Amino acid sequence: MPFTSRSFIPRLHLPLALAVLGFMSLPRAAMASGLDAPMVGSGQSGPTTRDGAAIHWNPANLAFMKKGEFFGGLMLVAGDIRYQRSYNGTYQSPDTLQFKTPLDAQNIDPTKAGPANQVKANPVAPLGNIFIVLPPIKNRLVFGLGLYVPYGAPLKFDRNGPQAYQLQQAFIVASYITASAGVRLHDKVSLGAGVSYVLGFAELAKLQDFGSVKEFGDGLKQLGQDNDFGPAAPTDVRELSTLGRPIALKKAFSHGVTFNVGVTVNPTEKLSLALTYQHGAKMNYRGKFAIDMNDPFFTQDLAPQGLKFKPLVQGDATLRFNLPKRITLAAAYDINLRWRVDGFIQYVRYSEVDAFTVTTKSPDLAQPKLGIGESLTVTLPRNWKDTVWVEASARFRPTERLLLSATLGYQSSASPDKTIDTASPDGNRLIGGLGGGINVSPRVALYADARFQGIIPRKVTTSEYDLGNGTYKLFLATIAGHLKVRF
Amino acid sequence: MPAPRILPFALSLALGLPLALGASSCVQAIEVPDEGPGPGELPVGATTQVELRYLRLDVKNFEQALDLAALRKLPRKTLDELWLLDFDMTSSVGFVLDELAALSPAEADELTPAAQNMRKLLSMTADNVRLEGTKLEDMIALAGAVGLPPARVLAALMQTGVTDNAIPFDVVADVFLDLLLGSHPNAQQRKGPVDAAHPDGLYPITPRSLPITLGDVVYNFESLPTRFGPVDEHPGFVIAATGITKGEDAFKMYVRVNLNALPYKGVDLTSSYVASVNSTDSQIARVFDFDDPDWMRIEGLKDELEIAEMTVRILENDDFIAGGSAREPAPLGNSPAWDLPDWEFERLIIEMARKRTELIGDHCDAYELGTGVNAFEACVDGTGWTEMTTFTDIGNPPPPAYFWDVLAEVAQVRLHDPISPGGTPIPEGEADVEFTLKNIKIPLDEPAILAGIKGNLSANPQALADITELLNDNSDGDADFYYYRPDDAAADDDDYLYFITADDLRVDAEGEPVRPYSYAHPGFYADAGLAEKLSDTAEIDGDTTHEKLKVSPGQTVYVEDDAGHVFKVEVGEKPARSSLSLALTRVR
């Protein structure tokens with residue numbers, strides 16, 4: 001029976017709330033839980049489910065799989081992310097250069113007040129996964145190998161929109177290659193563990209506001225130019241067109257290792273309980289950066305004072321942060337042969353992500369007279385909060401070959417109002433999903449799912465330095481198809 | 001590294017996904033357009049578009065250091081006119097004369113002939129002079145008659161020992177400084193700021209002193225031979241000089257400036273290039289806060305300057321200059337040496353002799369024969385008049401003369417003695433005298449010097465401008481006009497075009513303009529014929545030198561560049577509040 005009660009049971013969407021990817025002189029990162037890949041495995045996969053995706057969700061469940069299995073699929077994630085910035089601070093005309101407050105009245109830009117034009121990004125990202133399960137010792141020991149992409153975040157906003165200082169474009173992928181093993185200790189208890197190689201890839205582009213770079217402010221002070229520049233710069237001296245330089249991180253790869261462990265207990269035939277722990281990972285993205293410094297202010301006019309960049313500054317960049325740990329408690333209950341309910345609650349230690357540390361290095365960055373060296377390290381405060389993800393699913397089997405499911409869930413927001421921006425358009429997220437599966441043959445089954453996530457429109461008014469104030473909207477739709485072959 | 005690139009592709013293929021295609025390129029790369037050459041010279045009728053931006057970077061109390069290398073970029077004139085102090089050379093000259101006289105014969109042989117001449121003069125004593133050919137030649141016979149060497153008689157006349165220096169070194173030094181140095185125009189007056197007390201900008205130099213300028217410090221005293229070389233009729237006296245290079249790294253001049261450090265953006269019509277015009281000159285009145293006691297400071301001048309070597313040469317007259325033979329004209333007599341220029345050796349030596357004579361008291365020396373008979377008498381009176389009288393038939397006495405006439409002749413003869421015994425006497429006119437001053441230490445009173453420099457600079461706008469432009473050398477290209485927005489808040493949104501002046505020309509490393517100011521019709525005109533000028537030099541922000549014109553979108557003006565091309569300049573809609581868009585069309 002393709003759909004045994006056990007194989008059918010668990011179905012809880014475990015979180016993939018990673019969030020991240022920032023970029024050095026990019027005072028912002030381009031990712032948050034709102035941009036996690038919405039599915040790993042099919043819509044029927046979860047911490048209490050016995051399928052190949054257990055490699056990710058709960059390797060303890062592998063131990064209950066009696067046959068080998070190929071489980072793979074494709075999904076298409078499409079999103080609609082909207083942001084209407086609200087200028088709550090005082091800004092000067094972007095083509096002026098008053099570096100110190102208070103602003104002269106004539107330099108205040110009256111157009112930068114209140115709501116700005118809404119910008120949106122409509123990412124479309126294909127994702128996929130492959131899981132292979134091999135039981136060398138039937139009913140005792142099962143191995144698994146999984147290739148999956150829990151994170152994918154393509155974003156493309158208007159390059160000249162009001163969010164350009166937050167983010168213009170981002171493309172973030174994190175792929176896991178996980179080797180797992182599940183051991184059945186007892187008829188009712190199994191343990192599992194997996195080790196994952198995490199390959200990260202990131203590209204980002206934004207306008208870098210040099211007014212927020214400490215070294216630049218310090219350098220100008222050496223010129224006798226008193227200024228308010230630096231990470232705590234007031235809005236009055238931010239977002240000046242001369243100092244807003246396009247910057248991009250390209251081809252940044254990260255290699256990391258992490259692990260997960262899980263335990264599944266079946267106290268009764270109808271009830272299954274699971275507890276999993278996903279360890280964090282140290283991510284260190286290494287790539288190339290480029291900054292367009294092609295403005296006479298930077299390349300020519302202040303050369304006698306020691307400020308002379310090449311028009312295009314290129315070099316190496318690294319982005320470091322820790323993926324958070326997470327712990328999940330799940331339960332599934334078979335009401336009868338047709339109905340089943342399951343759910344989970346996950347606690348994610350996003351508070352471990354307090355900042356992104358970004359370092360760029362290039363001989364072309366050095367401005368010795370201004371005290372600017374070849375390397376710049378920028379710490380970007382995130383100060384994220386721990387999050388909670390809860391989901392509940394109901395599954396109905398109208399026939400022996402057919403399975404239908406419906407899911408509801410909620411994710412709390414990791415980003416506090418102080419640090420949110422379009423690089424991490426997060427919010428309290430509501431989740432809904434519909435899915436189905438059909439046994440094509442005793443060995444082959446197909447699954448189809450649709451999953452939706454959306455945040456309650458989030459209005460932010462207390463963003464630090466008015467960087468991310470405004471209204472955020474996010475909606476993600478995912479459709480997925482999976483093939484399961486048993487052998 | 002190939003592995004990280006291959007891996008995502010492999011993964012994506014394994015997953016059947018195009019996802020990791022991002023590994024090739026997902027985010028638009030940053031590219032800077034190749035500026036390439038500008039449009040170049042526009043043909044008649046062609047139009048090009050330029051955008052000018054007006055930005056200010058108002059630096060305040062920006063202290064910047066100028067080391068010697070930086071200061072060398074200043075115009076030489078500025079450096080040479082920036083006076084530091086007058087250095088009294090008396091002790092330095094006295095010291096070198098002592099050293100010269102004290103050289104061993106072997107060391108003296110190493111000297112140049114002219115230096116050896118100087119040494120001969122210094123070492124002249126009653127004992128080593130030759131009296132032949134001088135007014136005292138007849139004294140040889142008289143002395144012999146009484147059984148005395150002539151040196152004894154001469155020494156008695158000078159009231160000194162026979163081996164004592166005929167002319168004390170302090171006398172030599174004083175005369176050298178008073179006459180040779182004192183007669184040089186550049187040791188009499190120096191240039192300085194024009195003020196009420198010095199309306200001609202000329203300042204007297206302390207007697208017996210060398211004026212030391214910032215140029216001496218910067219250029220290691222290399223200009224001394226030029227400054228104290230030939231000037232007008234004066235043949236000069238410094239033939240070589242070098243400074244001590246030690247401490248060069250330590251010298252720093254710090255100035256605090258307050259200015260808009262950004263250049264004005266303008267257009268070189270000839271090439272349609274958006275150029276940068278140094279904004280310093282137009283703000284020079286506000287650049288330095290003279291009320292700030294630290295607007296300038298100097299390091300590395302704390303102790304002393306040192307001239308490693310300075311060689312001084314004194315030229316001899318081509319003729320033997322005889323001593324005088326008469327009392328008149330009083331009080332110096334009738335020697336032609338008195339009429340010579342102050343810088344010639346014979347003039348110097350007769351003055352030295354005169355000063356030496358002042359040391360001789362009114363006296364008479366009587367000389368007797370072995371029989372006790374008074375043979376002759378040698379007297380010097382209070383005016384220096386020297387007279388010998390014979391009382392027996394022992395020969396003719398030398399003719400009477402002032403003692404300086406006598407001594408000057410003796411010195412001249414001594415000067416022409418052969419370099420080595422038995423050699424050929426030096427021909428007349430070839431016995432120039434030279435000596436080298438070494439390791440002249442010039443003690444410095446830094447506060448006083450700093451005060452002097454500040455005073456000089458604060459009253460010298462051009463020097464200030466030169467220094468400031470050196471600090472803020474951000475010219476680029478050769479604009480014909482530039483864009484300006486007044487400081488006045490009331491006129492904040494006014495846009496002006498300023499036609500450049502000669503002061504705006506870009507300068508080269510030597511501080512010289514890279515091109516002549518060759519505008520036949522500077523300013524902005526209403527017509528292509530340049531008949532009706534629209535611009536004027538009315539004062540804006542203190543500027544009264546630039547032809548300037550307030551412009552607004554839709555306005556059309558005509559301008560002629562330095563090549564004689566005339567352009568129509570159409571002001572377009574403003575791209576931003578502090579930007580101007582201009583369409584340039586060459587009309588002829």
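Reader: How many bridges join strand β18 of chain B to strand β19 of chain B?

Author: There are 4 bridges between β18 (residues 481–484) and β19 (residues 495–499) of chain B, and the two strands run antiparallel. Strands here are DSSP runs of E with at least two residues, helices are runs of H or I with at least four, and both are numbered from the N terminus. Two strands count as paired if DSSP finds at least two bridges between them.

Reader: What kind of model is this, and how's the numbering done?

Author: The model is predicted, so local features need pLDDT of at least 70 and side-chain atom pairs count only at pLDDT 80 or more, while totals for chains, interfaces and linings use all residues. Residues are numbered from 1 along each chain as its sequence is written, and chains are lettered from A and ligands numbered from 1 in the order in which they are written.

Reader: Back to β19(B): which residue there is the bridge partner of Tyr483(B)?

Author: Leu497(B) is the partner of Tyr483(B).

Reader: And which strand order does that open sheet of 5 strands have?

Author: The order is β10-β9-β18-β19-β20 in chain B, with antiparallel pairing. β10 (273–277) and β20 (547–551) of chain B are at the edges with a single partner strand each, so one side of each has no neighbour in the sheet. On average, neighbouring strands of this sheet are turned by 30 degrees against each other, direction ignored. Axes are lines fitted to C-alpha atoms, for helices over the stretch in contact, and angles run from 0 to 180 degrees between N-to-C directions.

Reader: What about the open sheet of 3 strands, what's the order there?

Author: That one goes β7-β12-β17 in chain B, and the pairing is antiparallel. Its edges are β7 (238–243) and β17 (433–443) of chain B, each with a single partner strand, so one side of each is left without a neighbour in the sheet. β12 (residues 304–314) of chain B pairs with β17(B) over 10 bridges, and Met310(B) sits opposite Leu437(B) in β17(B).

Reader: Switching to helices. At what angle do α4 and α9 of chain B cross?

Author: Roughly 130 degrees, with the axes of α4 (residues 90–101) and α9 (residues 169–181) of chain B coming within 9 Å. α4(B) and α9(B) are therefore oblique to each other; angles under 35 degrees count as roughly parallel, over 145 as roughly antiparallel, 65 to 115 as roughly perpendicular and the rest as oblique.

Reader: Which residue classes make up that contact?

Author: The contact of α4(B) with α9(B) has 8 nonpolar, 2 polar and 2 charged residues. Ala, Val, Leu, Ile, Met, Phe, Trp, Tyr, Cys and Pro count as nonpolar, Asp, Glu, Lys and Arg as charged, and the others, Gly among them, as polar.

Reader: And how do α4(B) and α6 of chain B cross?

Author: The axes of α4(B) and α6 (residues 113–122) of chain B come within 9 Å and cross at roughly 90 degrees, so α4(B) is roughly perpendicular to α6(B). Leu97(B), Leu100(B) and Ala101(B) in α4(B) meet Met118(B), Arg119(B) and Leu122(B) in α6(B); residues are in contact if their C-beta atoms, placed from the backbone, lie within 7 Å.

Reader: Last one: how many residues of chain B are in contact with chain A?

Author: 43 residues of chain B are in contact with 50 residues of chain A. On the chain B side, the largest share comes from α1(B), with 6 residues. That side divides into 26 nonpolar, 9 polar and 8 charged residues.

Methods:
Contact = placed C-beta atoms within 7 Å.
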